[in-house]
Each structure stands twice: as C-alpha cells, then as structure tokens.
Amino acid sequence: MSGFALSLFLSLLCGWVLGSELTFELPDNAKQCFYEDITIGTKCTLEFQVVTGGHYDVDCRLEDPDGNTLYKEMKKQYDSFTFTASKNGTYKFCFSNEFSTFTHKTVYFDFQVGDDPPLFPNENRVTALTQMESACVSIHEALKSVIDYQTHFRLREAQGRSRAEDLNTRVAFWSIGEAIILLVVSISQVVLLRSFFSDKKTTTTRVVS
Amino acid sequence: MVSVRMQPCVLTVLLLTVCSTFVSSLYFHIGETEKKCFIEEIPDETMIIGNYRTQLYDKQREEYLPATQGLGMFVEVKDPDDKVILSRQYGSEGRFTFTSHTPGEHQICLHSNSSKFALFAGGMLRVHLDIQVGEHANNYAEIAAKDKLTELQLRVRQLVEQVDQIQKEQNYQRYREERFRQTSESTNQRVLWWSIVQTLILVAIGIWQMRHLKSFFEAKKLV
C-alpha cells in the first residue's frame with residue numbers, strides 16, 4: 001500500500017502537466033519559437049496577448065508536425081485559437097517581432113493541451129460522481145474561468161498603466177525642455193537684436209571717417 | 001502474495017522511467033551565451049515552482065539526447081525592486097522554488113553555464129520548461145497523504161486554494177489600481193503646473209524683453 005502511495009506520489013511529482021502559460025520578452029527583430037509534442041485527437045488552445053511595447057502587436061504562427069500552417073496572423077494584439085491535433089508529433093508556434101526596428105515587446109501566451117489531470121487519480125473509480133463531487137467539479141471549472149478572466153484583466157491593466165507612466169515621463173521631460181527652450185530663444189532674440197544695432201553703428205562711423 | 005507486492009514496485013519503476021522522459025512538454029531552443037527571461041506578475045506570498053530539463057543535440061545520432069552532467073543551467077530570479085532573490089546553478093535537470101514577498105513583476109532568467117564551446121558545437125540547447133504559479137504549484141497527492149483527506153475533502157481543499165488565489169490577485173489588483181491612479185494624478189498635476197509656469201515665464205520674458213530693448217534704444221538715442 002505504501003509502495004502504491006509512493007508511486008502515486010512520484011507520478012504526480014514528476015509534473016504531469018498539460019498546460020503552459022508564460023510571459024517573455026521579445027526583442028526587436030527577433031523571433032521566438034516554442035515546441036510541444038502532442039498526441040492525436042487532443043484538443044488544444046493557444047491564446048496570446050501583447051503586454052507592453054510599441055503598438056502592442058506581434059506576428060504569430062502555428063505549425064503542425066508536417067510544417068502546414070494551422071494559424072497565421074500578422075500584427076495581432078491578442079487572439080485565441082482552438083484546434084484538435086490531427087497527427088502525432090511536434091507542434092511549433094512562433095512569435096515574431098521582425099517588423100519592428102527598435103521596440104521590444106512583452107508577450108504572454110497560454111497553451112493548453114488536453115484537459116487538466118484528475119485531482120486524485122483513483123484507480124477504482126467505478127461509480128459516478130456524487131452530487132457533492134459534481135458540484136465541486138463545476139465550482140472548480142467556474143473558478144478556473146474566473147482566474148483566466150483575472151489574468152486577462154491584469155494584462156490589460158498592465159498595458160494601460162505602462163501607457164500612463166510613459167505619458168507621465170513624457171510630460172515631465174517636455175515641460176522642462178520647453179521652459180529651457182523658451183528662455184534660450186528669448187535671450188538669444190534680445191542678444192541678436194542688440195548685435196544688429198551695434199554693427200550698424202560701427203559701419204556708419206567708418207563711413208563718416 | 002509476491003505478485004501483489006511486486007506490482008507497486010513495478011509501477012514505481014515504470015513511473016520513474018516515465019518521469020525521466022516526461023518532466024514537461026513545452027520546450028524552446030537556447031544558444032550558448034543566450035539568456036532567456038520570463039516574467040511572472042504575481043501577488044505577494046505566492047509560491048512558484050519551476051521545472052526544467054535540458055537536451056543537447058548529438059550530431060552523430062542526429063537527435064536530441066539528455067545533456068551531460070557537466071552542463072547546467074544558471075537560474076536567477078529578481079523581484080520587482082530588481083533585487084536578486086534566487087541565484088543558483090542547477091544541473092542539466094532541475095527544479096527551483098521561491099515565494100514572492102512583494103507583489104509585482106518577478107523576472108526568472110535562465111542561461112547555460114557551459115564554458116566548453118565544444119559541447120554545443122554550434123548547435124542549440126533544448127530546454128523543457130514549466131512554471132507553476134500559486135494554486136497550480138500545490139501537490140494535492142502530497143497534501144492528501146499528509147492530512148489524510150478523503151476525495152471530497154481534497155476537492156474542497158482545492159477550491160479553497162483557488163479562492164485564496166483569486167482573493168490575493170484581487171488584492172494585488174487594488175494595489176496596482178492605486179499606483180495607476182497615483183500616476184494619473186501626478187500627470188494631471190504636472191500638466192497643470194506646467195501650463196501655469198509656462199504662462200508666467202512667457203509673460204515675464206515678454207515684459208523683460210520690451211523693457212530691456214526700450215532702455216537699449218534710449219541709450220542708442222534711436223527712440
């Protein structure tokens with residue numbers, strides 16, 4: 001029994017994970033690809049959102065093991081794509097910022113493969129779920145979608161906040177810069193005018209003598 | 001009797017072999033001196049567990065094989081204030097854990113520690129990475145075994161953890177909204193002050209220019 005529990009423990013410890021969510025930085029003129037081995041018939045979802053940078057857009061491309069493009073979009077801010085794997089093999093998806101010359105972008109993506117693993121792998125699951133258990137399952141699913149909405153809200157808020165902070169620094173620099181330019185221009189105007197009249201005076205004296 | 005006792009051992013061995021070939025599914029390629037950084041924006045007191053596994057391209061067999069023991073990955077984690085909270089070197093396969101103490105953007109950076117260029121031979125290192133945040137980082141089998149919970153109790157425990165995470169995230173959202181509001185109010189103040197100061201500077205400079213030029217022309221006997 002303890003051996004069985006140990007094997008169960010080990011199996012869950014080894015990370016039987018079927019969903020990845022990452023946020024990474026994509027420098028300008030760069031392309032970043034991710035790969036995943038998927039078995040046939042698995043329902044997968046790829047969704048991505050650009051968090052910061054430039055016009056908040058990125059190119060995305062999803063290819064199956066034979067190189068056929070399943071999804072290709074240029075300059076998209078956020079999107080979600082669901083597909084069912086038609087063959088076994090390595091699927092590849094790439095994010096490209098090659099169209100941008102100097103802005104680097106932060107991209108968030110969530111790649112879900114199949115369903116979540118069962119909570120308690122019960123080998124002797126013969127009977128159907130009780131009412132309590134099915135209520136727990138539906139609450140769990142609802143909470144998962146709440147967490148998903150929260151993530152998207154957080155990313156939108158990050159976008160808005162980065163724009164607001166940009167605006168704040170720009171206003172600060174611009175106001176100081178403009179005050180300095182005003183002072184410099186007005187003083188140089190006066191000095192220039194003075195120099196016009198000073199030169200005329202010397203030339204007239206020379207002509208007279 | 002013997003066969004019944006053998007089964008768990010066989011299962012363990014089977015699962016261990018599965019373990020060694022199946023840490024996580026998503027992978028990407030990394031160059032020798034390349035540093036790959038991932039950002040995790042999390043509320044405070046949230047645990048993050050990262051698992052990675054590396055594979056090196058073997059030219060002779062033309063496939064990716066598990067990397068040699070000498071090749072490790074250097075993992076560095078920075079908190080929102082740019083302070084390093086984890087900086088360690090792990091082997092070709094590793095697992096790192098940390099708990100955030102301040103809410104915000106944490107940066108997880110990975111780069112290989114190889115100094116022998118011959119190992120890479122111009123190829124790329126394949127890194128399988130998986131990062132679990134908050135509630136997903138919980139190992140429910142371990143919790144069930146430790147607290148001796150029934151299935152229903154375990155499910156309820158999972159729901160409690162999820163609700164906890166939602167609450168932390170909402171708290172964090174409130175803190176971020178506060179920062180956003182402060183930034184907007186600061187911009188508002190700056191624009192207001194700038195327009196007043198600019199007008200004053202303009203008027204003052206105008207007056208000074210006229211007075212200065214008037215006295216200048218009077219001195220030159222042109223007025």
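Reply:

The side chains of Glu41(B) and Arg176(B) meet in a salt bridge, 1.5 Å from N to O. A salt bridge here is a side-chain nitrogen of Lys or Arg within 4 Å of a carboxyl oxygen of Asp or Glu. The model is predicted: local features need pLDDT of at least 70, side-chain atom pairs count only at pLDDT 80 or more, and totals for chains, interfaces and linings use all residues. Residues are numbered from 1 along each chain as its sequence is written, chains are lettered from A in the order in which they are written, and side-chain values use heavy atoms, with hydrogens and water left out.

Chain B is assigned domain 1 (26-137) and domain 2 (139-222); such bounds come from an automatic or database assignment. The contact (heavy atoms within 4.5 Å) takes 13 residues from domain 1 of chain B and eleven residues from domain 2 of chain B. Taken over C-alpha atoms, the centres of these two domains are 32 Å apart.

Together, domain 1 and domain 2 of chain B bury about 830 Å², with 48% of it on carbon and sulfur atoms. Buried area is the accessible area (1.4 Å probe) that two parts lose on being put together, summed over both. Glu41(B), Pro43(B) and Glu135(B) supply 63% of the area that domain 1 of chain B buries against domain 2 of chain B. Across this interface the rule finds one salt bridge.
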